[in-house]
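My notes are below, for anyone who likes to follow along.

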Amino acid sequence: MKPLATIQQRLGWKLFLSYLVIIVVGVVSLAVTAELHAPTALARHVAGMEDIMGGNMGMMADLNESVRRAINEVLAVAATAAFLAAMIISSFVTRRIVGPIETMKQVSQRIAAGDYRQRVSVPGQDELGALAGSFNQMAETLEQTEERRRQLIGDVAHELRTPLSNIKSVMEGLLDGVLPAEPATFLDVQREVSRLQRLVYDLEELSRAESGQIPLELRPVAPAVLIHAAANQLQPQFEDKGVRLRVDLPADLPQVLVDPGRMTQVLLNLLGNALQYTPASGQVTIQAASNGSEVSVMVQDTGVGIATEHLPHLFERFYRVDKSRSRAGGGSGIGLTIAKHLVEAHGGRIWATSPGSNQGSNFTFTLPVAQ
Ligand code: ADP
């Protein structure tokens, strides 16, 4: 490698050269000053000694020459000492600054090659330490994103497997003549295809919600209007199953600032779940209250309930307490995840509580009051 290219590509060499330039500039300015100023200064000092020296000008010239040589000698020694000091200091600084940067470079190359577990050690509390800290934070985020991506692919593959293998076995049964070619058989296939369609739709919604790409058309709306509309839409299904749906709202609820379509989606999801997980002759109640700055809406059911250990995971995608029960109802385990994203996009919160299995569940979300 050419020397200039080496210097351009090595921070250590650049540091060393910068020290060298400072030393050269220092020595040259000292030499020039000594050259220009020393004879005058010396002549002035010696003038006072003329009496002692008896005006001997030859001796004066010798003295001048000796002083110049002495100064040059001292400068040469000082320059050598400064050069050595520059070498020692620059190698120390290089190790201190370039070392961690070099490590970060190597680690970032390993991360770029797909090893997201790599981290660098934080060398101190200065800017380099802060850089190493930010670097580790970035590596952590990359690792989590990669983990989520892997998990998502695994989850989606798992979700696709069951309906696809069901369709395949029905088709094989039809081809082999084991299953009769009658409406009930085709209905089985149709049900699985609907499940796949719903999964694809939910995944699209989830991907839009997770990347914040669901546009919200916010406007002030009376919560009661949204709640009654959602309840009326599902009323026939509640009646079919024999579950009572009760709407119990205070008269003085303030308006909330929401996208009515998206809020109806959240309400339908919570009411649909409450209906699905509440056996016949149970009851689902929708209540609401306001504390002045936000309105909270609560969907309470007397259904199967949720054991405490499941509560923190309900809003994670594909999380289902009872997979077979959820699947039987066509659930993809994404509904609550989308609901959470939608509520949070409105500036609200959503959470679930339950006294335990078979003791019913409560799902509550808040919405900001329209100013
Ligand atoms: P799914 O489409 O499976 O219903 P959700 O995301 O809507 O997916 O719900 C996730 C899981 O939370 C469900 O599978 C179920 O186990 C649980 N869950 C949701 N709502 C209720 C409820 N009202 N009562 C009991 N469990 C519920």
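**Ground rules.** I worked on a predicted model, where local features need pLDDT of at least 70, side-chain atom pairs count only at pLDDT 80 or more, and totals for chains, interfaces and linings use all residues. Residues are numbered from 1 along each chain as its sequence is written, and side-chain values use heavy atoms, with hydrogens and water left out.

**Cavities.** I found four cavities of 30 Å³ or more. On a 1 Å grid over the protein atoms alone, a cavity is a set of points where a 1.4 Å probe fits but cannot get out; a pocket is an open set with protein on both sides within 12 Å along at least five of seven lines; lining residues have an atom within 4 Å of a point. Volume is the space filled by probe spheres set on the points, which are joined across faces, edges and corners. The largest cavity has a volume of about 90 Å³. Helix 2 (11-47) and helix 4 (57-112) each give two or more residues to its lining, and helix 2 has the largest share, six residues. Helices (H or I, at least four residues) and strands (E, at least two) are DSSP runs, numbered from the N terminus. Among the lining residues I noted E35, P39, R68 and N72.

**Largest pocket.** This pocket holds about 1000 Å³ of space. Of its 44 lining residues, R198, N269, N273, Q276 and Y277 lie nearest the centre. Helix 8 (260-276) is among the contributing elements, and gives the largest share, ten residues.
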